[in-house]
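Work through the exercises below with the model open. Each task is followed by its solution in steps.

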Amino acid sequence: MQPDQTERDLYNGLTRLEPTLPSSAYWDTDAYQRDLDAIWYKSWLLVCREADLGQPLAFRTFRVGTQEIVVLRDDTGELRAFHNTCRHRGSQLCQESEGRLKARLITCPYHAWSYSLRGDLVRVPSKSLPDGFDKADHPLYLVALSVWRGFVFVNLQQDAGGSAETSFDPASGNLANWPLETLVSGHVLRKMMNCNWKIFWENFNECLHCPGVHKDLSRLVPIYGRGLMGRHDDPEWARHADNDAPEFSGGLRAGAETWSRDGQAHGPVFAGLTPAERAAGQTYATSLPSMFIVGHVDYVRTVRLVPLGPEETELTAEWLFPAEALAAPQADIDNIVAFGRQVLEEDAAICEVNQKGLRSLRHEAGVLMPEEYDLHRFHNWVRERHAARVPQSK
């Protein structure tokens, strides 16, 4: 029996043949530069959490492509971001990746030009100044900064509009009931992946690989074991529309509460979650191109990506918990972290396998299957930004 037109409209899958991006988009150096110019230098990018810059004079440096940014908390408590570049002759200012400034100044290590923490040039040690030189004309290069729910984002575009909040995918889940601002870090994973940044996002956007790559995750989330992400990914979803078993409706297997090795929560469950949010087991919010965040019933997991080259990407994952969960002696945080690390390691490994095959002289582009509708959406997002790119000098 074929579904009627109303039912067909609720099917998520692609209904016509769609190509992938060209294979050169994942390894060509010119394509990588176009990605930087069109996407990474014009988007809101996650840098860190506010708690990482908790004290005045705390700073962190952040590098994407050829651009290095310093983010700091000034002496009044305000967060600010600048290009990590002296206005004199372009020297790097802060040489360490993080720390605390020794004074209420940023001083260039080369010729000792000094700037206030608001970016104003305040001291030039030259014995005399040239005619027409005004320190007010040479502040640090300001970078747009936005804070969302305790997370710090920057945007390198000179006339950046909007905010970090507006960068989230409208199709993302709503994390309003998770106390993101008050959570504390329980574990951080940093990993270098030998793959293009887009390959990781493609892998994130489909579950056709789940049965073969994520066997334990597929047991925890049974619909993943069918190679699907949601009920309406199945072209015959209407046959099971009244079946609330997790292999058809989504959610965790019977008796499971969260993503952990045993499926059990290992700390206090967030009090403000709805029954539907608890039953779902995971709620994703995505801010392309740099991060996604997943709300579970007892913790939150964030993943940040930074491209390091055409075929290299840095992944930083962080597990965030209520402070009382980390303080409780009976809390088995390792049970949670080990499961999440396993899934990310599996993803990273298969992304590297994908990357290794893309340089075939015969492989100009791939083809998408119906379940890969979110890949098609991602590809169109990339294409649209490349089409809108305005060439800029470097």
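**Exercise 1.** In what order do the 3 strands of the open sheet lie, and is the pairing parallel or antiparallel?

Before the solution, some conventions. The model is predicted, so to speak of local features a pLDDT of at least 70 is needed, and side-chain atom pairs count only at pLDDT 80 or more, while totals for chains, interfaces and linings use all residues. Residues are numbered from 1 along each chain as its sequence is written, and side-chain values use heavy atoms, with hydrogens and water left out.

Step 1. The order is S7-S8-S9, and the pairing is antiparallel. Strands are DSSP runs of E with at least two residues, and helices are runs of H or I with at least four, numbered from the N terminus. Two strands pair if DSSP finds at least two bridges between them.

Step 2. Strand S7 (105-107) and strand S9 (121-123) are the edge strands, each pairing on one side only. From one strand to the next the twist averages 40° (axes are lines fitted to C-alpha atoms, for helices over the stretch in contact; angles run from 0 to 180 degrees between N-to-C directions).

Step 3. S7 is joined to strand S8 (residues 114-116) by 3 bridges. Opposite Ile106 stands Tyr115 in S8.

**Exercise 2.** Describe the aromatic pair formed by Trp113 and Phe133.

Step 1. The structure holds 14 aromatic pairs. Rings of Phe, Tyr and Trp (its six-membered ring) pair if their centres lie within 6.5 Å; planes under 30 degrees apart are stacked, over 60 edge-to-face, and the rest tilted.

Step 2. Trp113 and Phe133 are edge-to-face, at 5.9 Å centre to centre and 80° between the planes.

Step 3. Trp113 is in the loop between S7 and S8, and Phe133 is in the loop between S9 and strand S10 (144-148), so the pair ties together parts 20 residues apart in sequence.

Step 4. Trp113 is buried at a relative accessible area of 8%, and Phe133 is partly exposed at 22%. Buried means under 20% relative accessible area, exposed over 50%, and partly exposed in between (1.4 Å probe, protein chains only).

**Exercise 3.** How do S10 and strand S11 pair, and over how many bridges?

Step 1. S10 and S11 (residues 151-155) pair in the antiparallel sense over 5 bridges. Leu145 stands opposite Val154 in S11.

Step 2. The two strands form a hairpin with 2 residues between them, and Arg149 in the turn has a positive phi of about 50°.

**Exercise 4.** Where is Glu318 found, and which residues does Glu318 touch?

Step 1. Glu318 is in strand S16 (residues 312-321) and counts as buried, at 13% relative accessibility.

Step 2. Leaving aside residues up to four places away in sequence, Glu318 touches Arg49, Ser185, His187, Val188, Val300, Arg301 and Thr302. Contact means heavy atoms within 4.5 Å.

Step 3. The side chains of Glu318 and Ser185 are joined by a polar contact of 2.7 Å. Such a contact is a pair of N or O atoms within 3.5 Å; within protein, one must be able to donate a hydrogen and the other to accept it, and residues adjacent in sequence count only if both atoms are side-chain atoms.

Step 4. Arg49, one of the residues touched by Glu318, lies over the face of Phe151 at 5.4 Å from the ring centre. The criterion is NZ of Lys or CZ of Arg within 6 Å of the ring centre and within 35 degrees of the ring normal.
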